[in-house]
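Please look over the chain shown here before reading the report.

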Amino acid sequence: MKTPPAKKQTASTTNPETSSTITKYPDIRHDLERQRASLLSEAGEVLTHRENPEALPDVSDQASAEVDQGFSMRIRDRERKLLKKIDEALERMNTETYGICEGCGGEIPYKRLKARPVTTFCIECKTAQEEKEQARS
Ligand SMILES: [Zn+2]
């Protein structure tokens, strides 16, 4: 009885992991990193301007200075939130869960990711979510 040739150690065994460890969306990662860098530099500019009295349109007007301060605080809050979303998106790329819809577990279409790289829902789930929120209010 002839035994079939035992598991040949072929050199051509391709490890699928080695080829796909790099993110599926290199250009979106690039976009996110660029947006992150510009947000950080803008935040730096806001801080620099606040230390420069000439940047305030009317220094003598205390009220408008306070409004200005509140405004830049809001901007920074929004920037911080966006930065957090960008960080989370980059983190999902590292764990290879990026582009997976949190609602249905399906893949979010590339076009949508390109337009809104920090999204975690596909259009169907996002629309359903928004409809639910509107119905509640
Ligand atoms: Zn979905």
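## Arg-92 in helix H3

Arg-92 sits in helix H3 of this predicted model.

Once its neighbours within four places in sequence are left aside, Arg-92 is in contact with Thr-97 and Tyr-98.

Helix H3 covers residues 62–94 and helix H4 covers residues 110–115; Glu-96 belongs to the loop between them. The phi of Glu-96 is positive, about 55°, although Glu-96 is not a glycine. For comparison, most residues other than glycine have a negative phi.

Is Glu-96 buried or exposed? Glu-96 has 12 C-beta neighbours inside 10 Å, and the limit for exposed is 12 or fewer, so Glu-96 counts as exposed.

Helix H2 takes in residues 26–50, and Pro-26 is found in it. Pro-26 counts as exposed because it has 10 C-beta neighbours inside 10 Å. Pro-26 and Met-93 are 67 residues apart in sequence, yet their C-alpha atoms are 9.5 Å apart in space.

Arg-36 also lies in helix H2. With 16 C-beta neighbours inside 10 Å, Arg-36 counts as partly exposed. Which residues does Arg-36 touch, not counting residues up to four places away in sequence? They are Leu-83 and Ile-86. Arg-36 and Leu-83 are 47 residues apart along the chain, and 6.3 Å separates their C-alpha atoms.

## Helix H5

Helix H5 runs over residues 123–136 and has 14 residues. At 1.5 Å a residue, H5 should span 20 Å, and its end C-alpha atoms are 20 Å apart, so the two values agree. The number of buried residues among the 14 of H5 is zero, so H5 lies largely in the open.

## The chain as a whole

The chain contains five helices and zero strands. Read from the N terminus on, its elements follow the order α-α-α-α-α. In an α-helix there are 3.6 residues a turn, so residues three or four places apart point the same way.

Of the 137 residues of the chain, 7% count as buried. Taking contacts between residues at least 6 apart in sequence, 51% join residues at least 24 apart.

## Confidence of the prediction

The mean pLDDT of the chain is 79, and 66% of the residues reach 70 or more. Among the elements, helix H4 has the highest mean pLDDT (96), while helix H1, residues 16–20, has the lowest (44). Over residues 10–21 the pLDDT is below 50, and beyond near neighbours in sequence this stretch has zero contacts in the model. Where pLDDT is low, the predicted coordinates should not be read in detail.

Terms used: Residues numbered from 1 in each chain as written. Predicted model: local features only at pLDDT ≥ 70, side-chain atom pairs only at ≥ 80, totals over all residues. Helix = DSSP H or I, 4+ residues; strand = E, 2+ residues; numbered from the N terminus. Expected span 1.5 Å × (residues − 1). Buried ≥ 20, exposed ≤ 12 C-beta atoms within 10 Å, placed from the backbone. Contact = placed C-beta atoms within 7 Å. pLDDT = per-residue confidence, 0-100.
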